Amino acid sequence: MTITMHRGSGPITTSRVFVGRSLRHSMRDGEGWLLAIVLPVMLMLLFTTVFGGAIAPGGGYVDFVVPGIIVLCSGFGAASVAVSVNRDITGGAMQRFRSLPITAAYCLVGHVTASVLRNLVATSLVLGVGLLVGFRPSAGPAEWLIALSLVVAWILAITVVFAAIGMLASTPEAANGYGFALLFLPYISSAFVPLETLPAWLQPIAAAQPVTPLTEAIRSLLLGGDPGAHAWFALAWCAGLIAAGAALVAWRFPRG
């Protein structure tokens with residue numbers, strides 16, 4: 001039987017409806033906003049006011065750590081996508097979407113787009129708090145634009161990965177657990193301490209994972225340095241994660 005696509009059920013309208021749906025759900029998710037904003041801010045205050053004097057006795061640690069907190073914030077904000085996607089699948093919403101004269105996959109577009117917008121707002125607020133506690137970037141407009149592009153690329157990449165986790169997990173609780181493991185990446189990177197201060201056996205692992213080149217590139221750009229190859233490595237990681245996450249979603253969705 002051929003299903004006739006009714007007016008108003010095209011890609012743009014469908015995507016807009018699903019983005020609005022996800023944003024409305026986000027506004028009612030107080031815990032998600034708490035995780036995305038309050039926790040990174042608390043960690044930044046903890047590192048700058050409690051640990052900062054011990055880590056950098058000469059001062060200036062706030063300039064070092066804020067770029068790492070920005071990367072950390074994007075991960076926390078994207079984590080809820082895995083649970084939201086899985087709830088749509090296990091709760092029966094996806095089956096209902098499949099029965100409508102629309103492309104149900106646009107539900108995932110809504111989740112990802114809403115998450116990126118939400119995370120950009122959260123990241124802006126965290127950056128604002130960083131400026132209040134003493135972060136003093138020296139970047140020009142071009143450096144700010146490149147740094148923002150890297151942040152957006154990372155938020156999109158990690159969001160797509162979390163969406164794939166939500167597709168693969170059997171329950172919302174499992175999706176939350178699998179996704180939570182990714183939130184530890186900033187702690188084994190150069191986000192909070194220089195790589196050379198890590199144990200020798202951990203340094204190659206920290207240097208090889210995506211958060212380190214991303215943090216180093218953003219830090220260099222915002223503080224007037226040269227990001228060098230870090231920016232290209234960060235973009236390559238983001239592109240690879242987006243491709244891998246999209247491939248998993250494409251493989252799993254027809255069976256979801």
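The expected span of a helix is 1.5 Å times one less than its number of residues. In this predicted model, helix α9 has 12 residues and reaches 16 Å from its first C-alpha to its last, close to the 16 Å expected at 1.5 Å a residue.

Buried here means under 20% relative accessible area. By that cut-off 12 of the 12 residues of α9 are buried, so the helix is largely enclosed by the rest of the structure.

Two packed helices are described by the angle between their axes and the distance between the axes. For α6 (residues 141-168) and α9 (residues 211-222), the axes come within 8 Å and cross at roughly 160°. Angles over 145 degrees count as roughly antiparallel, and α6 and α9 are therefore roughly antiparallel to each other. Their crossing is left-handed.

On the α6 side, the contact is made by Glu 143, Trp 144, Ile 146, Ala 147, Leu 150, Val 151 and Trp 154. They meet Val 211, Leu 214, Ala 217, Ile 218, Leu 221 and Leu 222 in α9.

After α9 comes Gly 224, with a positive phi near 80°.

Methods:
Residues are numbered from 1 along each chain as its sequence is written. This is a predicted model: local features need pLDDT of at least 70, side-chain atom pairs count only at pLDDT 80 or more; totals for chains, interfaces and linings use all residues. Side-chain values use heavy atoms; hydrogens and water are left out. Axes are lines fitted to C-alpha atoms, for helices over the stretch in contact, and angles run from 0 to 180 degrees between N-to-C directions. Helices (H or I, at least four residues) and strands (E, at least two) are DSSP runs, numbered from the N terminus. Angles under 35 degrees count as roughly parallel, over 145 as roughly antiparallel, 65 to 115 as roughly perpendicular and the rest as oblique. A crossing is left-handed if the near helix is turned anticlockwise from the far one by less than a right angle, and right-handed if clockwise. Contact means heavy atoms within 4.5 Å. Buried means under 20% relative accessible area, exposed over 50%, partly exposed in between (1.4 Å probe, protein chains only).
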